[in-house]
Amino acid sequence: MMEAQTSGRAYSGEELGRSLEASSGKIFSRKARLSFYNRTFKIICIASAVFVCLILFSILFLMGRTGVLTFETVSVKDFFLSTDWVPENEQYGAFVFIFGTFALTLLTMVISVPLSVLIAVFLSEMTPTWLKTALRPILDLLVGIPSVVYGFLGLTVLIPMLRATTGTNMGDGILAAAIVLTIMVLPTISRITDDSIVAVPKKFRDASYALGSTRFQTIVRVVLPAAKSGIMYAVILGMARAIGETMAVVMVIGNTPQLADALFKPTSVLTSNIVMQIANVPFDSTWNYALYMMGFILLIISLIMIVIVRMIQGRGVK
Amino acid sequence: MKTKWIRNIGLAVMALSLTFGSVSAVSASSKLSGRIVVNGSSALLPLTLQAANEFKKLNPKVRISASAAGSVTGPQSVRKGIADIGACDWDASTDVPGFKKFDGQVANKVAVIPFAAVANSNVGVSSLSTAQLQGIFSGKITNWKEVGGSDADIVVVNRAFGSGTRVNFQVKALNGTDFMTKGSNYKEVKSSGDMKTAIETTPNAIGYIDLVYVTAKMKAMKINNVAPSEANVINGSYKVWAYGYYMTKGQPSGVVKAFIDYVQSTKFQTGSLKKLKFIPLSAMKNA
C-alpha cells in the first residue's frame, strides 16, 4: 500500500523516517515495532547460545562430579597407573584403557595420515577434473556411513582375513581396530587436506615450476608445506573422531582388560570398556563412578583436541 | 440394484458396530488401569514384550513400558523406584557370585531359560565334562587336544561381567568356578547376538549362550554326555538352565500382580512363551 502511494518519489533518509512514523499504527510506531522485533530476535539468539554453553558445562560438571567420587575409595595413583581392572574385586586401574586409547589412536594415525595425504594430493594435483567431480562426492558419502556398519564389516570380513593371513587364533586387537578406524577417518582427513591443498595459491606452484622444479619437488617442497596447517587441522579432526569412536571398536578389539602390548592381543580402550560395562553396573558404586571418570577423561581429551583445532584454524591457511 | 448395495453397506456397518460394541463392552468390564514399567534382562525382553501386548489387549487402560539394559539393572531400578518390575536372569533376592542380594525384593518365577556351551563347528569335540568345562573357562586347559580334540588353541569367548547368562553359566555349568579374565586367546562380548557371531566365525572358539540362540552354524556341547535339549531340561538330566524372574518391591499388588499372574498363567505359559522357545514353569514341576 505504502509503496504504491510513494512510488516514483525519492526520499531523503529523514523524510523516509518521518513517513514511516506517519504511516504506522496508533499504538506502536513502525520504528518502535521494528526495534522490538530486532531486540527480541537478538535475545532469542543469545539465549540459544547461552543454552548450548550451559548444556556443555553441565555435562562436563556432571561427569566430573560423578567421576571424582571414584577417588573416595581408589587412590588417584592406582586409578591412573595401575593395570589391574578387576571391578568385582574392587580393583580399578584404568591405565590399560588410557594406554589403549592412545595406542589405538596413534596406530590409526600412523596408517591413515600418509594414506589420506596421498589421496588428497592425487585428488587435488593429479586428477583430471571429471574424475575429481566423481571422487569428491564419493569421499563425502563415506563420511556419512554409520560406524556400526564399519564395525560389522570389521567383525565379519576383516577379522577372518587377518586370521587367515597372520595365522593368529583370534585376530582381535588394536591392529584390527586401527584398520577399521583408518577406513572411517580416511575420507574426513583426505577431504579436508584436499581442500587445504586446493587453497594453496597458484602463484606458489608457478614460481616453483619457473625455478625448474619437477612436479614431485613442487608438491613435496612447496604445496604440502604451504598447506601444513590445514593438514594438521584435518589430522586432529580425524583423531578426534577416532578417539571417541565406540561401536566399531567394541566389535573388533576383543574387550579384555590387558595391556595392548601386541598387535593381535584382545584389549580394551576407554570407549569400548564403558559401553561394555555401563549397562551391568550397580548405580551407586565405585565401579559406576570409575566408568564416569573414564568418560570424563575422554571428554577432556576431545576438548583439548577441539581447542587445538581452533588454534590452528585461527592461524588460517594463507 | 442400488438399494441392495446400500442395504449391504448398512449391514456391514451394523456388523462392525456390533463387533466394536462388544469389544468396548469387554474392556469396560475390566476395571484394571495403571502403568507398569519393566526394566532389566535382555534375555527376558521378548517374553515381556509379548506378554505386555496380550495383556494390553485384555486391559486397554493399562500402559506397560518395557526396556532392557542387562539383568542387574532390573532389581537396581526396582530398588530406585524407577521400575515396578525388574526382569532378572537370576534370583536377585539371594546372593550370587559377584552380586549381593537385594533386600526386600520378591522374586517371581516367570520362565525357564536353558543354556548351552557352544563351540565353532570346526571343533571336533562334542562332549565335555564339568571338570573339563571348568578347566577351559578358567584358562587351565588351553588346547583342544587336552580334551580329546585336534591340536589347536582354545579360543574362549565370554560375556562381560554382570550378564545374567554369565552368572547362570558360572553357577550351573561351572559350579561357581571363576572365569579367567585375560589372555591372548580370550575375549569378551557384549550381548547374546555378539556371542553368536563370535562363535560362528571364530575357529576353535568356545562360549555359551541361551539355547534359543543356538544355530546350525555352531555346535552345542553335550555336558557330561547329556545333550542340551528342551526334553533333557524337562526330564531333569540337563542341569544348565535357570529360572527367569520378575523382581518386585515386596509382594506384587494391583495391576503389577495382575500382569505377573497373566505371565504365569497356563494360557500364556503353554502358548506364547513356548512359541518364544522358553520352557513353561509347569514343565519343571517334576524336575
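**Figure 1. The second largest pocket of the predicted model.** In this predicted model, the second largest pocket has a volume of about 280 Å³. Its lining counts 21 residues. Nearest the pocket centre lie Ser42(B), Ala69(B), Gly70(B), Arg159(B) and Lys190(B). Two elements give two or more residues to this lining: α13 of chain A and α5 of chain B. By class, the lining has eleven polar, seven nonpolar and three charged residues.

**Figure 2. The largest pocket.** The volume of the largest pocket is about 750 Å³. It is lined by 28 residues. Chain A places Glu88(A) and Trp287(A) among those nearest the centre. Gly98(B), Phe99(B) and Phe161(B) join them there from chain B.

**Figure 3. Elements and residue classes around the largest pocket.** At least two lining residues come from each of α14 (286-315) of chain A, α3 (73-80) of chain B and α5 (164-172) of chain B. The element that gives the most is α3(B), with three residues. Twelve residues of the lining are nonpolar, nine are charged and seven are polar.

**Figure 4. The interface of chain A and chain B.** Contacts link 24 residues of chain A with 31 residues of chain B. The two chains bury about 2400 Å² between them. Carbon and sulfur atoms account for 58% of that area. On the chain A side, Asn169(A), Asn280(A) and Phe283(A) lose the most area to chain B. Together these three make up 25% of what that side buries.

**Figure 5. Polar contacts and the chain A side of the interface.** Nine residue pairs are in polar contact across the interface of chain A and chain B, with both residues at pLDDT 80 or more. On the side of chain A that touches chain B, α7 (147-166) and α13 (270-277) are the elements that give two or more residues. Eleven residues of this side are nonpolar, seven are polar and six are charged.

**Figure 6. The salt bridge of Lys187(B) and Asp172(A).** Over all chains, the count comes to 13 salt bridges. Between chain A and chain B the count is three. Lys187(B) forms a salt bridge with Asp172(A). Their closest N and O atoms are 2.8 Å apart. Lys187(B) lies in strand β7 (residues 186-189) of chain B, and Asp172(A) in the loop between α7 and α8 (174-198) of chain A, so the pair joins two chains. Side chains of opposite charge can pair when their charged atoms come close.

**Figure 7. The salt bridge of Lys80(B) and Asp284(A).** Here Lys80(B) pairs with Asp284(A) in a salt bridge. The closest N and O atoms of this pair are 3.7 Å apart. The distance falls within the 4 Å cut-off, so the pair counts as a salt bridge.

Methods. Residues are numbered from 1 along each chain as its sequence is written. Chains are lettered from A and ligands numbered from 1 in the order in which they are written. This is a predicted model: local features need pLDDT of at least 70, side-chain atom pairs count only at pLDDT 80 or more; totals for chains, interfaces and linings use all residues. Side-chain values use heavy atoms; hydrogens and water are left out. Contact means heavy atoms within 4.5 Å. Buried area is the accessible area (1.4 Å probe) that two parts lose on being put together, summed over both. A salt bridge is a side-chain nitrogen of Lys or Arg within 4 Å of a carboxyl oxygen of Asp or Glu. A polar contact is a pair of N or O atoms within 3.5 Å; within protein, one must be able to donate a hydrogen and the other to accept it, and residues adjacent in sequence count only if both atoms are side-chain atoms. Helices (H or I, at least four residues) and strands (E, at least two) are DSSP runs, numbered from the N terminus. Ala, Val, Leu, Ile, Met, Phe, Trp, Tyr, Cys and Pro count as nonpolar, Asp, Glu, Lys and Arg as charged, and the others, Gly among them, as polar. On a 1 Å grid over the protein atoms alone, a cavity is a set of points where a 1.4 Å probe fits but cannot get out, and a pocket is an open set with protein on both sides within 12 Å along at least five of seven lines; lining residues have an atom within 4 Å of a point. Grid points are joined across faces, edges and corners, and a volume is the space filled by probe spheres set on the points.
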